[in-house]
Amino acid sequence: MSNGTNKWKTSTIVVSCLLAVVTVFYAFGVGWKTDQPSQNSISPDTVLSLWTENAEAKDQLVSYINAITEDGGADYIPPENRIAVFDFDGTLFCETDPTYFDYTLLVHRVLEDKKYNKKASDFEKEVAEKIVAFNETGIEAKGLEVDHSNAVASAFKGMTVDEFNEYIQKFKQLPMPGYNGMKRGESWYKPMLQVVEYLQANDFTVYIVSGTDRFIVRGIVCNSPLNIPNRQIIGSDENLVAPDQGDTDGLSYVFDDDDKLVLGGKFIVKNLKLNKVTVIAQEIGVQPVLSFGNSTGDSSMAEYVTSNNPYKSLAFMLCCDDTERENGNVEKAENMASLCKEFDWIPISMKNDWTTIYGEGVTKK
C-alpha cells in the first residue's frame with residue numbers, strides 16, 4: 001500500500017506543478033495559442049461577398065473599419081464606442097411591396113382578417129382604405145404616418161406582446177405580392193445583412209432605429225437571419241398596460257403576479273426625422289459613429305452621427321435605383337444621390353453595388 005500511496009502523492013505533486021506553470025503563464029499574459037482567427041483576420045471580401053468588386057461604398061466601409069480598428073492608430077475607436085445605427089424599411093428590409101410592412105399588416109388586420117374586420121372601428125377602416133389608395137396611386141394622404149400608427153395601436157389593443165408577435169409571425173408566412181419565391185418575412189436585403197455581420201465581427205454594437213412600431217420590427221427580426229437582440233431595436237411606440245389597470249395611473253397601480261402586459265391602444269411617438277436623434281440620445285446614450293439609412297426621414301440621424309463627433313464617423317444612404325430586381329424608383333434614387341453629394345453622405349447603389357438583393361430563386365413579378 002505504501003508504494004501506491006507514494007505514487008498517488010507523486011502524481012498529485014506533478015499535477016500541482018503543471019497547474020502552477022499554467023497559472024504563471026496566464027499571469028504574465030502568455031496563455032496558449034489557438035487556431036481561431038483574430039477579429040482583424042476576417043476578410044471583408046469573404047464577409048461582403050454579395051457586393052460587387054468595384055463598389056465604392058464597400059471600399060469606403062472597409063477602409064473605415066481598417067482605420068478605426070488599428071490599435072494605436074490615429075483613428076482608433078474603442079469597442080465600447082463602436083456604435084452603428086440602421087434604419088429598417090428600405091435599408092435592411094423591403095420597403096415597397098407595395099408599401100411598408102407595417103402598412104400592409106394594418107390592411108390585413110382591418111380589411112382581410114375575418115376574425116377582426118367586423119370589429120374594426122370606422123377610423124381603422126378609413127386609415128386602411130387610405131393605405132390601399134396609396135398603394136394604387138402612389139400618393140400618400142396627408143398625416144397618414146401618424147394616423148396609421150394610431151390605427152395600429154387601437155387595432156391590436158389588448159394583445160399581449162407575445163400574442164402580437166405570434167400574429168406577426170403568421171403574417172410573415174404570407175407570400176410577397178410582387179415577387180416569386182419569397183414570403184413577407186423573408187424580404188431582407190442580403191448585402192446589408194452582410195454589413196451588419198461585418199460590423200459585429202469588428203466589435204460594433206448595432207442598433208435598429210426605425211419609424212416602424214418597435215414591436216412590429218421585433219416581430220420581423222424574430223426568427224430571422226438578422227442577429228440583433230430586442231434591446232437594440234428602437235422604433236415608434238405605443239403604450240403598454242396591465243389588463244386590470246383600467247383608468248388607474250401607473251404611479252398608483254401595482255403590478256402583481258397575475259398580470260401580463262398588454263398593448264394599451266394609445267400611440268406615443270413616431271420615430272422619424274429629428275425624433276430619431278432624440279431617441280438615440282435617450283436610449284443609447286452614446287453618439288454613434290456609423291449611420292445607415294435610405295430617405296430624408298433618416299437625414300437628421302445621419303447628420304447627428306457625422307456632426308461634431310469626437311471619432312471618425314460616416315453616414316451611408318441606400319439609393320433605390322434597381323427596377324429589375326426590386327421595386328425601385330429612379331427619381332427618388334437620383335434625389336438621394338444628390339443629397340449624398342450635398343451632405344457628404346456615401347451613396348449605396350442597389351443596382352450597381354450588389355450582386356443580388358434577395359438571393360437566388362427570388363424574382364420580381
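Helices and strands here are DSSP runs, numbered from the N terminus. Keep that in mind as you click around, since the stops below go by those numbers.

**The whole chain**

What you have open is a predicted model. Of the 365 residues in the chain, 46% are buried. Take contacts between residues at least 6 apart in sequence, and 71% of them join residues at least 24 apart.

Now switch to colouring by confidence. The average pLDDT is 91, and 89% of the residues score at least 70. Select residues 1-39, though, and pLDDT stays under 50. For that stretch the model has eight contacts beyond four places in sequence, so treat this as a stop to look at with care, because pLDDT is the predictor's confidence in each residue.

**Into the core**

Next, select Phe86, Met192, Leu199, Phe204 and Leu290. In the largest nonpolar core, which has 75 residues, these five touch the most other members. In soluble globular proteins, nonpolar side chains tend to be buried together.

Zoom in on phenylalanine 204 and show its surroundings. Leaving aside residues up to four places away in sequence, phenylalanine 204 touches Tyr64, Ile65, Ile68, Arg82, Ile83, Ala84, Leu199, Val289 and Leu290. There is also a second, separate core, made of ten residues, with Tyr207, Val209, Ile234 and Ile280 among them.

**The largest pocket**

Which elements each supply at least two residues of the lining? Pick out helix 4 (101-112), helix 5 (122-137), strand 3 (205-213), strand 7 (314-319) and helix 12 (330-343). The largest share, four residues, comes from helix 12. Colour the lining by class and you get twelve nonpolar, 16 polar and twelve charged residues.

**A cis bond in a loop**

Move on to proline 98, which sits in the loop between strand 1 (83-86) and helix 4. Look at the peptide bond leading from aspartate 97 to proline 98: this bond is cis, with omega near -15 degrees.

**A histidine in helix 4**

Carry on into helix 4 and select histidine 108. Is histidine 108 buried or exposed? With a relative accessibility of 18%, histidine 108 counts as buried, because the cut-off for buried is under 20%. Show what is around this side chain: histidine 108 touches Asp113, Tyr167, Phe171 and Leu174, again not counting residues up to four places away in sequence.

**Two asparagines with positive phi**

For the last stops, select asparagine 223 in the loop between helix 9 (214-221) and strand 4 (233-241). Its phi is near 60 degrees, a positive value in a residue other than glycine. Asparagine 223 has 73% relative accessibility, so it counts as exposed.

Then jump to asparagine 308, which you will find in the loop between helix 11 (299-306) and strand 7. Phi is positive at asparagine 308 too, near 55 degrees, and this residue is not a glycine either. What is the relative accessibility of asparagine 308? The value is 78%, so asparagine 308 counts as exposed.

Note on methods
Residues numbered from 1 in each chain as written. Predicted model: local features only at pLDDT ≥ 70, side-chain atom pairs only at ≥ 80, totals over all residues. Heavy atoms only, no water. pLDDT = per-residue confidence, 0-100. Contact = heavy atoms within 4.5 Å. Core = buried A, V, L, I, M, F, W, Y, C linked by side-chain atoms within 4.5 Å. Buried < 20%, exposed > 50% of the residue type's maximum accessible area, 1.4 Å probe, protein only. Nonpolar A, V, L, I, M, F, W, Y, C, P; charged D, E, K, R; others polar.
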